[in-house]
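Here are some notes for your reading of the model. Keep the structure open beside them and look up each residue as it comes.

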Amino acid sequence: MCTLEKQGNLFILTLTGDDEHRLNSFLIDSIRAALKRVSSEATTGFALITTAQGKFFSNGYDLTWASSDPSRLLLMDTKLRSLIYDLFNLPMPTIAAITGHASAAGFVLALSHDYVLMRKDRGFLYMSEIDIGLKIPAWFVTLVKNKVKSPTAWREVVMRGTKLTAGMAMEQGIVDSAHVGTAETVKAAVKLGEELVARKWDGEVYAHGRRIIFHDVLTGLTNEIVSRL
């Protein structure tokens, strides 16, 4: 599942265990509960870091769990949209410290943070749908278009399933910085978080700015949610 630690004005959310951190209903609920706590405890000048233990940041949807009941895939999709909506409305800067592979929905989870830091000696970013024969949701693509800097990169990520190393991701503007090892990646995320916290921004003002910038993403999320009701 996940843990939430508070270090001064930094919240550190960690996906726990040495597994793939595949996103099923239970893990998504656990993350959303942590974000709810973050929102309730934060005032002015806070930041969130999301990271993970083990080889993976997240290897996407838990398709094995979903395969036993067709309704489970729809449930995961609905809950993931709600989770991403929560992140885009969180009243503070958010940082993903990627210390392992982030694939498909796990890639989307990472992209939904304001800043992305990545371990450069292990792991890749990978939109795997084209390779595993799943149709990519429209809102995934909207997010990619808002976070990845060129149509050529959109093609590489969505239509070729290119596995992006930290260096490649930095060239495309997806990753803000790359570091050697888990400890250095998290350390850099904490340093960045402390710099952002020091600005003492009003959380609601910060979230409003994010909503304006990523209006298309939030509209896509909202439309998808409504269409499922």
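In which sense do strand β3 and strand β5 pair, and over how many bridges? The points below start with that pair. Please keep in mind throughout that this is a predicted model.

1. The pair β3 and β5. Strand β3 covers residues 47-52 and strand β5 covers residues 94-98; the two pair in the parallel sense, over three bridges. Two of the residue pairings can be looked up directly. Ile-49 has Ile-95 in β5 as its bridge partner, and Leu-48 stands opposite Thr-94 in β5. As background, strands of a sheet pair through backbone hydrogen bonds, and they may do so in a parallel or an antiparallel way.

2. The next pair along. β5 also runs parallel to β7, and four bridges join these strands. Here Ile-95 stands opposite Tyr-115 in β7.

3. The whole sheet. The strands named so far belong to an open sheet of six strands, in the order β1-β2-β3-β5-β7-β9, and the pairing is mixed. β1 (2-7) and β9 (177-179) stand at the edges; each has a single partner strand, so one side of each has no neighbour in the sheet. From one strand to the next, the twist averages 20 degrees.

4. The helix on the sheet. Helix α9, residues 181-197, packs on the sheet and touches β2 (10-15), β3, β5, β7 (115-119) and β9. The direction of α9 makes about 160 degrees with that of β7.

5. Cover over β5. How many of the residues of β5 are buried? Five of its five residues are, and the strand is mostly covered. Thr-94, Ala-96 and Ile-98 point one way from β5, while Ile-95 and Ala-97 point the other way; all are buried. In a regular strand, side chains alternate between the two faces of the sheet.

6. Two residues with positive phi. Most residues other than glycine have a negative phi. His-21 has a phi near 50 degrees, which is a positive value in a residue other than glycine. His-21 sits in the loop between β2 and α1 (25-41), and counts as buried because its relative accessibility is 4%. Ala-104 also has a positive phi, near 50 degrees, and is likewise a residue other than glycine. The loop that holds Ala-104 lies between β6 (101-103) and α4 (105-111). At 9% relative accessibility, Ala-104 is buried.

7. The structure holds ten salt bridges. Side chains of opposite charge can pair when their charged atoms come close. Arg-22 is partly exposed at 31% relative accessibility, and Glu-20 is partly exposed at 30%.

8. A network. Arg-155, Glu-156 and Arg-160 are linked by salt bridges into a network. Within it, the side chains of Arg-155 and Glu-156 meet at 3.1 Å, N to O. Is each of these two residues buried or partly exposed? Arg-155 is partly exposed, with a relative accessible area of 41%. Glu-156, at 19% relative accessibility, counts as buried, because the cut-off for buried is under 20%.

9. Glu-195 and Lys-191 form a salt bridge in which the closest N and O atoms are 2.8 Å apart. The two residues are four residues apart in helix α9, so about one helical turn separates them. Glu-195 is partly exposed, with a relative accessible area of 42%.

10. A nonpolar patch. Which residues make the nonpolar surface patch of about 310 Å²? They are Leu-63, Leu-73, Ile-132 and Leu-134. Ile-132 is found in helix α5, which covers residues 129-132. At 48% relative accessibility, Ile-132 is partly exposed.

Terms used: Residues are numbered from 1 along each chain as its sequence is written. This is a predicted model: local features need pLDDT of at least 70, side-chain atom pairs count only at pLDDT 80 or more; totals for chains, interfaces and linings use all residues. Side-chain values use heavy atoms; hydrogens and water are left out. Two strands pair if DSSP finds at least two bridges between them. Axes are lines fitted to C-alpha atoms, for helices over the stretch in contact, and angles run from 0 to 180 degrees between N-to-C directions. Contact means heavy atoms within 4.5 Å. Buried means under 20% relative accessible area, exposed over 50%, partly exposed in between (1.4 Å probe, protein chains only). A salt bridge is a side-chain nitrogen of Lys or Arg within 4 Å of a carboxyl oxygen of Asp or Glu. Patches are made of residues with over 30% relative accessible area and no salt bridge: like charges are joined within 9 Å, nonpolar side chains (Val, Leu, Ile, Met, Phe, Trp, Tyr) within 5 Å. Accessible areas come from the Shrake-Rupley method with a 1.4 Å probe; for residues, only the protein chains shown count as cover.
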